[in-house]
Amino acid sequence: MSDALLEVEGLAVEFATAQGWARVVDDVSFTIGRGETLGLLGESGCGKSVTSLAVMGLLPPRSSRIAEGSIRLDGRELRGLPESQLSDIRGNAVSMIFQEPMTSLDPAFRVGEQIAAVLRRHRGASRSQARRRAVELLELVGIPEAARRVDDYPHTFSGGMRQRVMIAIALACEPDLLIADEPTTALDVTVQKQILELLAGLQERLGMGVLFVTHDMGVISQISDRVVVMYAGQVVEQAATEEVFWHPQHPYTEGLLACLPAEHGRERLRGIPGLVPGPLDLPGGCRFHPRCHHAVAGLCDVTPPGLDEVLAGHRARCLLARDIELQGIS
Amino acid sequence: MIRMVARRLLALVPLVFIVTLLVWGLVLVIPGDPALAIAGDSATPEQVEAIRADLGLDDPVPVRYGRWLADAVQGDLGTSLYTSYSVTDALADRLPVTLSLVFVAFLLAVVVGTTIGALAATRKGRPTDRILTVTTSVGLAVPNFWLGLLLVTFFALKLEWFPSGGYVPFTEDPVGWLRSIALPAVTLATAVAAELARQMRASMSDVLERDFVRTHRAKGLRSSTIVRRYALKNASMPVITVAGLQVARLFGLATVVEIIFNLNGVGALAVDAVFDRDIPVIQGCVLVITVIVLLVNLLVDVSYGLVNPKVRTQ
């Protein structure tokens, strides 16, 4: 008996290509508890957005499929639910905000109407009730003069303000789980900070679980309780946030940490050589070995590593995890 | 919004002025002397000269234009060279026929075309889409005089559901009016409906890929609501522009349809006038149709503003 809000187990997602089904997410498992924030970290193309869309049931039908695994919300299996039941959950028990605030709002409708639509759909609110609640929500996410702005169209809002509107839409039905897919990536640094603070504050107030998807180590360190690091469609490391930052157990995580500019102006900026492999040309053995400077020939390019518990509550997908000393941040 | 309409109406004035110049200028470029044509083959040069003087054809060009314009502004578009009827009266007689035909055809084309286009876009790549795409290609390719004859043969002559020609004024018998206009309107609407369907399919499939549609889905809205309420409004923006252009095309195509269905509209009037070199009638027809098309385009722009809030605030 677990008290987990979201349990993702052995999730595999495949996309249709000219060469058949390509597996872009493979054997991904994680859980999120109530009120917990899980950071899902990885480079573009590692499958983190696909994972979050799979949880939302928003994968493009026909061109993609969940090949294996299960997604349980409050113990209820979501995989295989018909669209009508999934749409009852979306925007209600699970909400999502996206990377692109500039294009994620409907340009032809007033923002108030776009917020009200969720309430009318899931709460059966009347027109006037929904409108009143929309004003409250705009106030909640910190939009000045909410009572007037509710009747404005999205193009009169800045990027940061539009993301606030998106958050208002996502929180309208007070969801149990919020999925935030790179919500601050497209924003100015100062606005990023405001949005992160807003999200953290609202999470505390509403007690919801958050799946925070990002490629930004700095953002992850500020907001998440635990971190899942993904590489080439797989989970490569999973632990509490400080653990991952201080004692990384996977060379990929070490590489990501090395990409962070060090404090006190000491230049230590390093990158990870090479590119993330595509789902159709995955290397044999460990998927990271061609880019890994710890890789041992005859081992890492032959044996695919499992996701093993290296330290208590700390899992890593590396054959050498127990043998090599990796550098975190101090 | 009202200010925008007023501004656009004001902008029409110089435009209409230029149109009158072009329309009236027809007189100068069309070969043949109307006086000669009226006088007939056996007339003496003196008779021809008398007719020329009578018509004011000897005056300088600007004077003739000024005289015509002054009359036209007061609603007098001159007299037919042949029937000696007032052109204004002839147009007033014929205009309701053409307007009924174009209006019903346009309504039909918009409703049918956008429905087919939107449906095809939501079923993109599937059998429904393929069938509808082939249908619209056929609709675009079919010549309307042939389609008109086909409809008359089948629905008027064989099944006798509709009259094969002639026009019943709306004020006399609304049902009869609709029956008299139905086949011509379908004939006229087909190509335009097909064009609008293609535009709507392209526009709708583009809109359905946009980020905000994903947001609507993430809100849990039902697919039918997303398409009908949200995507349709966004997708209609480029389609409205195309629909506006189609109105001018409808007036052009109406000429052929009027002749096939024996409707005495402006198009048929214009065709007769061209064969008779009845220049005042040609001028009147072109001027009136042009002004109507300009006004319709203004209406189209206004409705564009209704669906696109960005235009409104500018």
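User: Where should I start with chain B, and what is its secondary structure?

Analyst: The model is predicted, and in it chain B has 13 helices and 0 strands. Its pattern along the sequence is therefore one α after another, α-α-α-α-α-α-α-α-α-α-α-α-α. The C-alpha trace spans about 85 × 55 × 35 Å along its principal axes.

User: How many residues does chain B have, and what share of them is buried?

Analyst: Burial is judged by counting neighbours: a residue is buried if 20 or more other C-beta atoms lie within 10 Å of its own. In chain B, 35% of the 314 residues count as buried. Among contacts in chain B between residues at least 6 apart, 73% join residues at least 24 apart.

User: Which domains is chain B divided into?

Analyst: There are domain 1 (16–73) and domain 2 (93–313). Their centres, taken over C-alpha atoms, are separated by 38 Å. The contact between them takes 11 residues from domain 1 and 9 residues from domain 2. On the domain 1 side, helix H1 (2–29) and helix H2 (34–39) of chain B each give two or more residues, and H1(B) gives the most, with 7 residues. That side divides into 9 nonpolar, 2 polar and no charged residues.

User: What does UniProt list for residues 95–300 of chain B?

Analyst: An unreviewed UniProt entry lists this span as "domain: ABC transmembrane type-1". In the model the span is 83% helix and 0% strand, and its end C-alpha atoms lie 21 Å apart.

User: How do I read the contact between the chains, and how many residues of chain A and chain B take part?

Analyst: In general, the size of an interface is often given as the accessible area lost when the parts come together. Here we can count residues: 24 of chain A are in contact with 19 of chain B. On the chain A side, helix H2 (83–89), strand S6 (94–97), helix H3 (101–104) and helix H4 (111–122) each supply at least two residues. H4(A) gives the most, with 4 residues. By class, the chain A side has 11 nonpolar, 8 polar and 5 charged residues.

User: Chain A has an open sheet; what is its strand order?

Analyst: Strands of a sheet pair through backbone hydrogen bonds, either parallel or antiparallel. This sheet of 8 strands has mixed pairing and the order S6-S7-S8-S3-S9-S10-S12-S11. S6 and strand S11 (308–311) of chain A stand at the edges with a single partner strand each, so one side of each has no neighbour in the sheet. Neighbouring strands are turned by 25° against each other on average, direction ignored.

User: How do S9 and S10 of chain A run, and how many bridges join them?

Analyst: Strand S9 (residues 226–231) and strand S10 (residues 234–240) run antiparallel, joined by 6 bridges. Met230(A) stands opposite Val235(A) in S10(A).

User: Which residue of chain A has a positive phi although it is not a glycine?

Analyst: Glu174(A) is one of interest, with a phi of about 45°. Glu174(A) lies in the loop between helix H7 (159–171) and S7 of chain A. In chain B, Asn262(B) has a positive phi of about 55° although it is not a glycine. Asn262(B) is found in the loop between helix H10 (223–260) and helix H11 (266–276).

User: Is Asn262(B) buried, exposed or in between?

Analyst: Asn262(B) is partly exposed, because 14 other C-beta atoms lie within 10 Å.

Note on methods:
Residues are numbered from 1 along each chain as its sequence is written. Chains are lettered from A and ligands numbered from 1 in the order in which they are written. This is a predicted model: local features need pLDDT of at least 70, side-chain atom pairs count only at pLDDT 80 or more; totals for chains, interfaces and linings use all residues. A residue is buried if 20 or more other C-beta atoms lie within 10 Å of its own, exposed if 12 or fewer, and partly exposed in between; C-beta atoms are placed from the backbone. Two residues are in contact if their C-beta atoms, placed from the backbone, lie within 7 Å. Domain bounds come from an automatic or database domain assignment. Ala, Val, Leu, Ile, Met, Phe, Trp, Tyr, Cys and Pro count as nonpolar, Asp, Glu, Lys and Arg as charged, and the others, Gly among them, as polar. Two strands pair if DSSP finds at least two bridges between them. Axes are lines fitted to C-alpha atoms, for helices over the stretch in contact, and angles run from 0 to 180 degrees between N-to-C directions. UniProt positions are given in the numbering used here, feature names are shortened, and annotations may be inferred rather than shown by experiment.
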